[in-house]
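User: Could you walk me through how to read this structure? I would like to learn the general idea of each feature and then look at the case here.

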2 protein chains.
Amino acid sequence: MCNRLRRPIVQYNGILYRKEGNMSGTQTGLSENLTIQDIADALNISKTTVSRAISGKGRIGEETRNRVLDYIERKGYRPNPMAKGLANNRTYNIAWVMPGDSSFTELPFFQRCMSGVIEEAGNVDYDVLITMIYGQDNTGLKRIISNRKVDGVILGRTLVNDPNIAFLKKSDVPFVVIGSTDEPDVIQVDNDHIKACRELTEILIMKGIRSIMLIGGDEAHVVNRSRRAGFESAIENMKNMNISVKSSIHMNIDNDSMTARLVDDALHDGVKCIICMDDLLCAYALDKLHRDNIDIPEDVRVASFYNSELLHNNVPAVTALQYDPLELGRTAAGKLFSLINGEEVNTLTNLPYEVLLKGSTQ
Amino acid sequence: MCNRLRRPIVQYNGILYRKEGNMSGTQTGLSENLTIQDIADALNISKTTVSRAISGKGRIGEETRNRVLDYIERKGYRPNPMAKGLANNRTYNIAWVMPGDSSFTELPFFQRCMSGVIEEAGNVDYDVLITMIYGQDNTGLKRIISNRKVDGVILGRTLVNDPNIAFLKKSDVPFVVIGSTDEPDVIQVDNDHIKACRELTEILIMKGIRSIMLIGGDEAHVVNRSRRAGFESAIENMKNMNISVKSSIHMNIDNDSMTARLVDDALHDGVKCIICMDDLLCAYALDKLHRDNIDIPEDVRVASFYNSELLHNNVPAVTALQYDPLELGRTAAGKLFSLINGEEVNTLTNLPYEVLLKGSTQ
DNA sequence: TTGAAAGCGCTAACAA
DNA sequence: TTGTTAGCGCTTTCAA
């Protein structure tokens, strides 16, 4: 059951005759598995001409082209991607690579990036194949590459000394990363986290805050290092302006109890502002503060270096940096298609960000 | 830049000679783009023989086969999927279709199902192409189907009168749905929600609860109708046993304020147990109860027809039904590959569930 | 047990 | 402007 239709081949005297036309009066109203040969036969022209009409490459008479295009339109012809792929050495697929650990996979960030990638791919009739990296295990990616299942790859995030980047560089497949890396010659699409975090931190300090705690995530992730660097650079800048700020930084925090403990410490030490590197950490911190009936912003201010739905229902609204992951995905895919088409692409692209100043730091 | 290697074709006197061997001393240690012809040449046998050694089909000498397999192993040969696909009329890809509205995409449920699908696909050297349905808009799915980019499709959830199921049935592409449907002849993988919800409801009633409110989601989703049916059937059963239970059902609830209002009503009406159809609704309800300082289970008991991380941090722990989405994904993919290989597959598969009785209904 | 050759559906170089 | 033909890398039929 469920076999695709195949044009019947009829055999007489050991000679193969292809049955003319196509056999389907289909339910979808589309002729299935029509080939350019069928079209050529129907219009009394050659395959080449049909191919030219479709691709737009090579000279072809205006009238002939229209005849072909009309016919194709009417019959709902779609080229066979396998055949095209074989002839062009292309798959018309790209890969989207994202972390497989559920704590990351489920972050809206990656979902949105992926949507952007899919959207952009659809525009050029490409599809998106998905694979996950589970910790160190990138067998999925390796399979896809060595099987030559895609024309390019988008890496959803970057690690410090990223083994996947190293692998992709060697693999000779075009790729783009969402995020930043020190690795040279890698096409990167990112937000300028250093600048954004510096800006937000400086704004808070300018508001008079003189004691800040920064709660940060896994240092293996480039983005977390960038956020830290932005924060530190703000503190440094202020110092140069003779504004001295007491600050502490706590990295590699990844669960609610660690966060709660830090929040306790902060309150105990008279910290006036807690900045969290991402939405999840911030949600943990807010949770803890609410449980303890601490008033925000009266008792302590709170800000997040990444905004998301997780923070949307909080009262008061949370000051945060806002990015557009959908656009990151779209842009990365756009760059990748340029690469695939052999165009030059600049290495670094920074997308804009917004600083949302809300009640939590009033 | 970044173009794939192509074997150089050298032309003398108008005759094309393919340059022997392959040109790469590659960084990956794998010979790239080796073909069966190259292997045949190297071993002084024919393409056909090589093909036979690889596929295992057709007669071939033990020794020849081993020579070929050894060579392939050493050189890291991987067949070109485009060429194989063209010859076999296969793509070696399947599609995973899930709702694109962010409120759904981001549910852990779909992520896990997808992981299961990807895992199972990897086992048979297939890859997973992803597409999303945005409300009524299934152009992505249509593109994939009419472009013949996949050998089969897995639909991540079912709707009442699902237009995607109708579309796929007409399309002649094998497909499996995760969820249930009234549509005949559709391969379905699901949990028995009716039975599970009936069971949990009956257990709660047996514990002495005589007034229950059910808060449910979108009735366009088959799963929500099933959960409702299970609940109703429990009430009915109890009635037949002369246990009369006061109950109310509220469907199509999809945000926190609607939920909060219902919780208010429940408390006002002396409802003793609030059951939510899914994790998100339950999280909304718990939020509201905590804000109002209502004691669980003393003042009101709470249960959920779907367990997830969203409920894990609640105190007390929440009574809920538990499923294994990863296994749903794996199973659905397994069925799909059977279909693709022309095997018979039974239409209905129900995976097990667990009833977790926790503190929230003590 | 092995090989020659045709075919999958498309592109592109060359000829007309 | 159009057609002929070879080729992409694999499978499969038929013959040896």
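This is a predicted model: local features need pLDDT of at least 70, side-chain atom pairs count only at pLDDT 80 or more; totals for chains, interfaces and linings use all residues.

User: In what order do the six strands of the open sheet in chain B run?

Analyst: Residues are numbered from 1 along each chain as its sequence is written, while chains are lettered from A and ligands numbered from 1 in the order in which they are written. Strands are DSSP runs (E, at least two residues), as helices are (H or I, at least four), numbered from the N terminus; two strands pair if DSSP finds at least two bridges between them. In chain B the order is β9-β8-β10-β11-β12-β14, with mixed pairing. β9 (246-250) and β14 (354-356) of chain B each have a single partner strand, so one side of each lacks a neighbour in the sheet.

User: In which sense do β8 and β10 of chain B pair?

Analyst: They pair in the parallel sense, over four bridges. As an example, B:I212 has B:C273 in β10(B) as its bridge partner.

User: How is chain B related to chain A?

Analyst: Copies are superposed by least squares on C-alpha atoms of residues with pLDDT of at least 70 in both. Here a rotation of 180 degrees with 0.0 Å of shift along its axis places chain B on chain A (RMSD 0.2 Å). The two copies are thus related as by a two-fold rotation axis.

User: How many residues does each chain give to the contact?

Analyst: Residues are in contact if their C-beta atoms, placed from the backbone, lie within 7 Å. Chain B gives 46 residues and chain A gives 46 residues. On the side of chain B that touches chain A, β4(B) supplies the largest share, six residues.

Definitions and conventions
Two residues are in contact if their C-beta atoms, placed from the backbone, lie within 7 Å.
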